[in-house]
Amino acid sequence: MHSLQVPCTKENLKEIRYFVENALNRYEISTDDIYFIKLAIDEICANLIIHAHHCNHEDFIEVKIKNEGNTFIFEIHDQSNDNFNLLEYKVPDIQQIIANKKNGNMGLILVRKIMDEIELERCEGHNICRLYKSIPQANS
Amino acid sequence: MELLIQNEDKFHIISIIGDLDASSSVIFDSALEEAINAKAKNILIDCSQLDYISSPGIGAFTSRLEECNQNNIQLVLYGMSPKIENVFKILGLDQLIVIKKTKEEAKIYANDAQFTSPLH
């Protein structure tokens, strides 16, 4: 298992992406797949850092990567009381985002399109967002 | 991320160098806003050195697109890698934002669009 813990600042998103890329480079995964997985994890982490932790550098976020056969499990751990539920959130239509001059809401569209499955676990202020991605050709 | 801003004839060109993410998108958004406020009619975004883009970076485009359309400003992106272009495609934005392969194609498109626009 690979893991990284960083303070909740936007500047650390690059480190998270670097960590994900390095961890996945140990497997036979295409650069396109690595790019999109990195993007999905970045979107979840950015959402948590900005909206749940308000970029508070005293808070921490942890990313863990495991693989079971050809399925990769990405866990994003944090501690916050944010009630946002990305599983229930209805993403708006892209035309509507443009018409409303919005610059947000597209991250979740990307996560849902890239990942196979998303799970949320909440227990006494400790949250885990679990993303599953099956990559049939991946070999370590 | 770094931005390189140049004017070539009637084209305002913003080159994005590095990663356009939640951390850097505000800087790019300000540059785009400045170009619109300065009444630039052809804004070309050079993506040839753009290594990575996430939704806040894409949001900088979507939030200004309507304003550009209303003010007859041609906003054209060019030179992006296939990976970056795929992110736009996943979102269906390749149908709504003009994306060209080269600077020359971007200039020709912007030029022609200015002449054919009903507002011109």
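**View 1. The annotated STAS domain of chain B.** In an unreviewed UniProt entry, the annotation "domain: STAS" covers residues 1-97 of chain B. The model shown is predicted.

View 2. The 13 residues of α1(B) should span 18 Å at 1.5 Å a residue, and the end C-alpha atoms of the helix are 18 Å apart, in agreement. B:Ser25, B:Phe28, B:Leu32 and B:Ala35 are the buried residues of α1(B). They lie on the same side of α1(B), because the arc they cover around the axis is only 85°. B:Val26, B:Ser30 and B:Asn37 are exposed on the other side of α1(B). The cover over the buried residues of α1(B) includes β1 (2-8), β2 (11-20), β3 (42-53) and α2 of chain B.

View 3. B:Glu34 is found in helix α1 (residues 25-37) of chain B. This residue, B:Glu34, counts as partly exposed because it has 13 C-beta neighbours inside 10 Å. B:Glu34 and B:Leu77 are separated by 43 residues in sequence and by 17 Å in space, C-alpha to C-alpha. Just after α1(B), B:Lys39 has a positive phi of about 65°.

**View 4. The side of chain B that touches chain A.** Contacts join 22 residues of chain B to 24 residues of chain A. On the chain B side, α2 (55-70) and α3 (82-90) are the elements that give two or more residues. α2(B) provides the largest share, 10 residues. By class, this side of chain B has 10 nonpolar, 7 polar and 5 charged residues.

Definitions and conventions
Residues numbered from 1 in each chain as written. Chains lettered and ligands numbered in written order. Predicted model: local features only at pLDDT ≥ 70, side-chain atom pairs only at ≥ 80, totals over all residues. Contact = placed C-beta atoms within 7 Å. Helix = DSSP H or I, 4+ residues; strand = E, 2+ residues; numbered from the N terminus. Nonpolar A, V, L, I, M, F, W, Y, C, P; charged D, E, K, R; others polar. UniProt positions renumbered as here; feature names shortened; annotations may be inferred. Buried ≥ 20, exposed ≤ 12 C-beta atoms within 10 Å, placed from the backbone. Expected span 1.5 Å × (residues − 1). Arc of directions from axis to C-beta.
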